[in-house]
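Subject: Model handover

Hi,

Here is the structure for you to look over. My notes follow below it.

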Amino acid sequence: MDLLKAENENEKLKQRNLLSELIYRKEELTNNTLRNVHKNNLLAIIKEALKKEINRDPNLKNNLKEIIENIDDSLSLDKDWEAFYHLFGQVHPTFIEDLKISCSKLSDRDIKLCALIKLNFSSQHIATLFGISLSSVKVARHRLRKKLDIPEDVSFDDFLEKKILDRSVTN
């Protein structure tokens, strides 16, 4: 009886440790993504300031245009997304794979959008991460909804959760 009690306590401890690890990974993922959002916001502000300087002093045009191009390159680096996918995979290990299998017509950008929606990111944060306008995010969400054939009365979260659960049950 004592052995069963000890095993039960050990199992509870393992579950608490796993839950703590999951919470830590989710926080790490969110913090990392928010840092990227902040960095992209700063780069966008700098880019706009440089554009104003170009308009104010045309002699600076060539030098500042090169800097703006470097900022644009930085805003679209895939290294940030690789780190995001790595952390996301630790928190939601089968989500992306299951999504690709159940919805094979999704582009990489669609999958990124689904991952950010899964993390409950606001449209404004998504816009900043993708380097697009808020209205472009709304269009992307609408197109994704059509691509996935999600009814208007069903949220993305509910749909994605059901889609993945349905796939898990059939496997």
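Which residues of α1 are buried? They are Leu29, Asn32, Thr33, Asn36, Val37, Asn40, Leu43, Lys47, Leu50 and Ile54. Buried means under 20% relative accessible area, exposed means over 50%, and partly exposed lies in between (1.4 Å probe, protein chains only).

Some ground rules. This is a predicted model, where local features need pLDDT of at least 70, side-chain atom pairs count only at pLDDT 80 or more, and totals for chains, interfaces and linings use all residues. Residues are numbered from 1 along each chain as its sequence is written, and side-chain values use heavy atoms, with hydrogens and water left out.

**Overall picture**

The protein chain has eight helices and zero strands. Both kinds of element are DSSP runs, numbered from the N terminus: helices are H or I with at least four residues, strands are E with at least two. The chain has 171 residues, and 30% of them count as buried. Along the principal axes, the C-alpha atoms fill a box of roughly 85 × 40 × 25 Å.

The accessible surface comes to about 11,600 Å², and 53% of it belongs to carbon and sulfur atoms. Areas come from the Shrake-Rupley method with a 1.4 Å probe; for residues, only the protein chains shown count as cover. Take contacts between residues at least 6 apart in sequence: 62% join residues at least 24 apart. A contact means heavy atoms within 4.5 Å.

**Helix α1**

α1 has 55 residues. From first C-alpha to last it reaches 80 Å, close to the 81 Å expected at 1.5 Å a residue. The expected span is 1.5 Å times one less than the number of residues. Asn8 lies in this helix and is partly exposed at 41% relative accessible area. The C-alpha atoms of Asn8 and Tyr24 are separated by 24 Å, with the two residues 16 apart along the chain.

Leu19 is also found in α1. Leu19, Leu22 and Ile23 make a nonpolar surface patch of about 240 Å². Patches are made of residues with over 30% relative accessible area and no salt bridge; like charges are joined within 9 Å, nonpolar side chains (Val, Leu, Ile, Met, Phe, Trp, Tyr) within 5 Å.

**Salt bridges**

The structure holds five salt bridges. Each is a side-chain nitrogen of Lys or Arg within 4 Å of a carboxyl oxygen of Asp or Glu.

- Arg25 and Glu28 meet at 3.1 Å. Arg25 is partly exposed at 23%, as is Glu28 at 24%.
- Lys51 and Glu48 meet at 3.8 Å. Lys51 is partly exposed at 35%, and so is Glu48 at 41%.
- Arg56 and Glu53 meet at 2.7 Å. Arg56 is exposed at 61%, while Glu53 is partly exposed at 27%.

Why are Arg25 and Glu28 separated by about one helical turn? Because they are three residues apart in helix α1. An α-helix has 3.6 residues a turn, so residues three or four places apart point the same way. Arg25 and Glu28 also join Glu21 in a network of salt bridges.

**Helix α6**

α6 covers residues 123-130. Ile126, Ala127, Thr128, Leu129 and Phe130 are buried there. Just after α6, Gly131 takes a positive phi of about 70°.

Best wishes
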